Amino acid sequence: MKTAAFYTLGCKVNQYETEAMSEIFSKNGYKIADFNEVCDVYVINTCTVTSIGDRKSRQMIRRAKHLNPNSIVAVVGCYSQVSPGEVAKIEGVNIILGTKDRKNLCEIADKMLAEKENSKKVTDVENALKNREYEELEIKEYAEKTRAFVKIEDGCNEFCTYCIIPFARGPVRSRKLENIVKEVEFLAQKGFCEVVLTGIHLASYGKDLKNVSLSDVICAVAGIPGINRIRLGSLEPRILTEEFIRKIADTKKVCNHFHISLQSGCDETLKRMNRKYTTAEYENSVKLLRKYFDNPAIATDIMVGFPGETDEEFEKSLAFMEKIAFADAHVFSYSNRKGTKADVMENQIDPKVKEVRHKAMEGTVARLKNEYLESMTGKNLSVLFEQEISDGVYEGTAENYAKVIMKSGADISKKCKTVKITKAENGLLTAE
């Protein structure tokens, strides 16, 4: 039996697309194996948001060929989209696709295997900015039966000065509402009770369609029997108007966990980034969420060391983190990306300064996260228990995305229960 293995770098959208490609291979007679096993085909779904993503992508390509010199190695995703020539120079690569036509990958690999052309190289990467149609990739089989990701949008029109993604993913393309509903109905029939709606720039959903928006998708999914929870991928503060928030809160199914992209807590830095909101507008969006949702967890991404970021600007960013009282945040240092405006900006920040700021920001985030979790003590939370992690101890995820453990004499895996939180320790909540 032919074998294939997949390795995914980057975002939830990449994870979704890997699952979809894996399913295509499985339906065409492949056994899906662990990436560290000897396989006939290796697929690396790459990320290029940071230089670390590029480096990790190259490492995994080399590892695949080392595991089986006779294998077919396919590289897809954002890194191969923006740097196909660079990927082509890596020894052992056979197939190079970008962020389009991934559904054809299995057919191409099959042909290479049949003809034993493990030294041949096929490159099919088109200009992503010319993409105008949403590529339908769907998942019908998940190993886990509690939470499913559903991709509803691709592309981004924002062109932030530091970001390469518009060049990797192309313009906004929205999935048809009827196709989203059809996939979620199927997932509900399969026993899923929670779905995560995801996209490259989720807030832009519907901009290329007529009379449909993200709130329409949320309301349609909320009406599907069996779906009890809806999670949202990263949002922009501009979409979080009172009308939008009231509408999704009324469904009673949207989880009180919101990842709202920030990048900087300083208006001067945001302007250089070409972010199209101010800290005041961001703060207002958070206030509205807290008005309509019970103690929601507000999470974000925060960047340090953007070109021109002074000590004063960094301090403003730190103070804003405190002001919002985030439940969690992903901290990362600015990384130069060729082809972006920020790459040629003056006043690039010294790596040592970035490191100091990164540690300071991470320290603030860790403390804020602990404070949020500790505020859950004594409260009742709805928890979807996913698995037994030790004898009689089950782990689950609360609506606010906090991890919860609880002892139970009965098997509560894949069940949703309201429990009382008794302790917060080491990033975990304990319930009874």
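1. Basis of the note. This is a predicted model, in which local features need pLDDT of at least 70 and side-chain atom pairs count only at pLDDT 80 or more, while totals for chains, interfaces and linings use all residues. Residues are numbered from 1 along each chain as its sequence is written, and side-chain values use heavy atoms, with hydrogens and water left out.

2. Helices α1 and α5. Helix α1 (residues 12–27) packs against helix α5 (residues 105–114) at an angle of about 45°, and their axes are 9 Å apart; helices here are DSSP runs of H or I with at least four residues, strands are runs of E with at least two, and both are numbered from the N terminus. Axes are lines fitted to C-alpha atoms, for helices over the stretch in contact, and angles run from 0 to 180 degrees between N-to-C directions. The two helices α1 and α5 are therefore oblique to each other, given that angles under 35 degrees count as roughly parallel, over 145 as roughly antiparallel, 65 to 115 as roughly perpendicular and the rest as oblique. Met21, Ile24 and Phe25 of α1 make the contact with Leu105, Cys106 and Ala109 of α5, where contact means heavy atoms within 4.5 Å. By class, this contact of α1 with α5 has six nonpolar, no polar and no charged residues, with Ala, Val, Leu, Ile, Met, Phe, Trp, Tyr, Cys and Pro counted as nonpolar, Asp, Glu, Lys and Arg as charged, and the others, Gly among them, as polar.

3. Helices α7 and α8. Helix α7 (residues 177–189) and α8 pack at an angle of about 30°, with axes 10 Å apart, and α7 and α8 are therefore roughly parallel to each other. On the α7 side, Leu177, Ile180, Val181 and Val184 meet Val217, Ala220 and Val221 in α8, a contact that by class has seven nonpolar, no polar and no charged residues.

4. Helices α12 and α13. Helix α12 (residues 311–324) lies against helix α13 (residues 351–374) at an angle of about 10°, with their axes 10 Å apart, which makes α12 roughly parallel to α13. Residues of α12 in this contact include Asp311, Phe314 and Glu322, and those of α13 include Arg357, Met361 and Arg367. By class, the contact of α12 with α13 has seven nonpolar, two polar and four charged residues.

5. The cavity. A search of the whole structure finds one cavity of 30 Å³ or more, a cavity being a set of points on a 1 Å grid over the protein atoms alone where a 1.4 Å probe fits but cannot get out, with lining residues having an atom within 4 Å of a point. The largest cavity holds about 40 Å³ of space, and its lining is made by Gln81, Gly98, Thr99, Lys100, Asp101, Asp124, Val125 and Glu126. By class, that lining has one nonpolar, three polar and four charged residues.

6. Two loop residues. Aspartate 101, which is among the residues lining the largest cavity, lies in the loop between β5 (95–97) and α5, and its phi is near 60°, a positive value in a residue other than glycine. Asparagine 211 sits in the loop between β9 (194–199) and α8 (214–222), with a phi near 55°, also positive in a residue other than glycine.

Conventions. 1 Å grid on protein atoms, 1.4 Å probe; cavity = no way out; pocket = protein on both sides within 12 Å on 5 of 7 lines; lining within 4 Å. Points joined across faces, edges and corners; volume = space filled by probe spheres on them.
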